Amino acid sequence: MYAAFRSIGSYVPSKILSNADLEKMVDTSDEWIFKRTGIKERRIAAIDETTSDMGVNAAKQAIERSGINPSDIDMVVCATISPDYFCMPSTAAIIATKLGLEKVTAFDLSAACTGFVYALGVAKAFIESGMKKNVLIIGAEKLSAITDYTDRGTCILFGDGAGAALISATTDKSEAIIDIHTGSDGSYADLLMSPNGGSGSVHDDLEASACFMKMKGNETFKVAVRTLTSDVVAILEENKIDASAVKHFVPHQANYRIIKAVGDALNMKEEQVVLTVEKYGNTSGASIPMAINDIYESGRLQNGELMLLDAFGGGLTWGSALVPFAGKGI
Ligand code: COA
């Protein structure tokens with residue numbers, strides 16, 4: 001049994017937070033942000049809109065496009081660092097119930113911006129072992145809830161949104177997800193973290209800002225370029241696939257300069273590289289499925305085309321995946 005990437009869906013909140021808006025909130029400028037990150041704007045969820053609400057909207061689209069009967073879905077995995085509730089219940093369980101999926105295995109996965117690639121690996125393993133047949137994976141983030149809008153080093157980067165994919169069992173090897181790499185190195189934990197609110201917290205009171213992200217941006221940047229480049233080179237080499245055979249290079253949308261550096265190291269042509277960072281910023285676990293949805297909805301993603309996914313995030317974590325699209329293009 002193999003695992004096939006059947007469909008994609010996405011959701012973005014309607015409210016836009018532009019660089020011009022941020023100029024009024026912190027000491028920054030549109031020019032600085034765009035030059036250093038490639039970001040022009042990001043989406044912000046409504047106050048009463050939760051991570052699970054966004055995940056449900058993305059999932060509904062992915063399910064509909066897969067042609068799979070919702071009652072045949074037997075597992076839901078949600079990659080998020082901004083769950084509806086920290087600790088419990090899992091956002092995946094809430095999403096499953098909101099979708100009317102009964103008694104499915106549902107759990108959240110914490111691998112920050114690499115979450116979607118990790119979730120894809122989990123889905124592949126469950127399907128190939130024969131334990132599950134149709135796994136709904138979701139990357140959903142309400143990062144605005146854990147962003148400190150007085151910290152110009154982080155608040156310019158992050159946005160909200162969700163993406164989802166249906167991964168299904170197949171006996172057709174040509175549809176199979178080829179390979180997934182995932183890794184981590186906790187010795188870099190302090191580069192990007194939410195230091196408060198957990199059992200490692202230094203505070204004994206739970207303030208509103210308990211989960212705000214803190215980041216050493218410049219160091220993160222350098223480790224990201226190094227790790228992403230070596231990881232994609234390794235997965236291509238191990239599978240004897242040349243970068244030119246990749247139709248869509250879908251990197252985590254953190255920063256245009258990181259994406260460009262990794263793309264250049266692989267000699268990727270401009271048309272191979274999928275870019276959404278300008279309009280959505282960094283949406284962590286949601287960024288890769290949102291980017292895949294972008295090429296799907298613009299009619300650029302067709303059945304059988306090879307995608308190379310590549311992510312990097314807090315943990316530190318990283319991951320890459322070689323994935324043929326096994327759905328129907330539009
Ligand atoms: N507007 C204006 N100036 C800013 C700024 C902002 N939003 N943020 C930082 N600066 C200033 C700094 O204070 C510093 O000023 P100084 O030289 O007077 O001390 C200067 O710009 C350079 O700061 P630095 O942090 O070295 O900038 P940078 O070129 O590394 O860009 C990031 C900062 C955050 C954009 C960049 O490091 C980055 O994108 N890193 C990766 C982050 C990331 O992708 N994280 C998620 C991983 S999944």
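Mentor: The discussion below takes up pockets, then the ligand, then the backbone. Please keep in mind that this is a predicted model.

Trainee: Which residues lie nearest the centre of the largest pocket?

Mentor: The lining of the largest pocket comprises 30 residues, and those nearest its centre are Thr80, Ile81, Phe86, Ser110 and Ser194.

Trainee: How is the second largest pocket lined, and which residues lie nearest its centre?

Mentor: The second largest pocket holds about 640 Å³ of space. Its lining has 29 residues, with Leu157, Met215, Gly217, Phe221 and Asn255 nearest the centre. By class, 14 of the lining residues are nonpolar, 11 polar and 4 charged.

Trainee: Which elements supply at least two residues each to the lining of the second largest pocket?

Mentor: They are the helices α2 (30-37), α6 (152-155), α7 (217-238) and α8 (256-265), together with the strand β12 (306-313). The largest share comes from α7, with 6 residues.

Trainee: In which pocket does the ligand sit?

Mentor: The ligand sits in the second largest pocket. A shell of 23 residues surrounds the ligand, and the closest are Thr28, Arg36, Arg152, Asn218 and Asn255.

Trainee: Which elements build the shell around the ligand?

Mentor: At least two shell residues come from each of α2, α6, α7, α8 and β12. Here α7 gives the largest share, 4 residues. The shell contains 9 nonpolar, 10 polar and 4 charged residues.

Trainee: Which side chains bring a polar atom to the ligand, and at what distance?

Mentor: The side chain of Thr28 has an N or O atom 2.7 Å from a nitrogen atom of the ligand. The side chain of Asn255 has an N or O atom 2.7 Å from an oxygen atom of the ligand. For Arg257, a polar side-chain atom lies 3.5 Å from an oxygen atom of the ligand. On its own the ligand has 960 Å² of accessible area, of which the protein covers 72%.

Trainee: Let us turn to the backbone. Where are cis peptide bonds found in this model?

Mentor: As a general rule, most peptide bonds are trans, and most residues other than glycine have a negative phi. Pro89 belongs to the loop between β4 (75-79) and α4 (91-98). Another cis bond joins Gly315 and Leu316, with omega about -15°. Leu316 is placed in the loop between β12 and β13 (317-324).

Trainee: Is the phi of Lys103 positive or negative?

Mentor: Lys103, a residue other than glycine, has a positive phi, near 60°. Lys103 is in the loop between α4 and β5.

Definitions and conventions: Residues numbered from 1 in each chain as written. Predicted model: local features only at pLDDT ≥ 70, side-chain atom pairs only at ≥ 80, totals over all residues. Heavy atoms only, no water. 1 Å grid on protein atoms, 1.4 Å probe; cavity = no way out; pocket = protein on both sides within 12 Å on 5 of 7 lines; lining within 4 Å. Points joined across faces, edges and corners; volume = space filled by probe spheres on them. Nonpolar A, V, L, I, M, F, W, Y, C, P; charged D, E, K, R; others polar. Near = heavy atom within 4 Å. Polar contact = N/O pair within 3.5 Å; in protein donor to acceptor, adjacent residues only side chain to side chain. Areas by Shrake-Rupley, 256 points an atom, 1.4 Å probe, with all protein chains shown as cover. Sits in = over half its atoms within 2 Å of the grid points.
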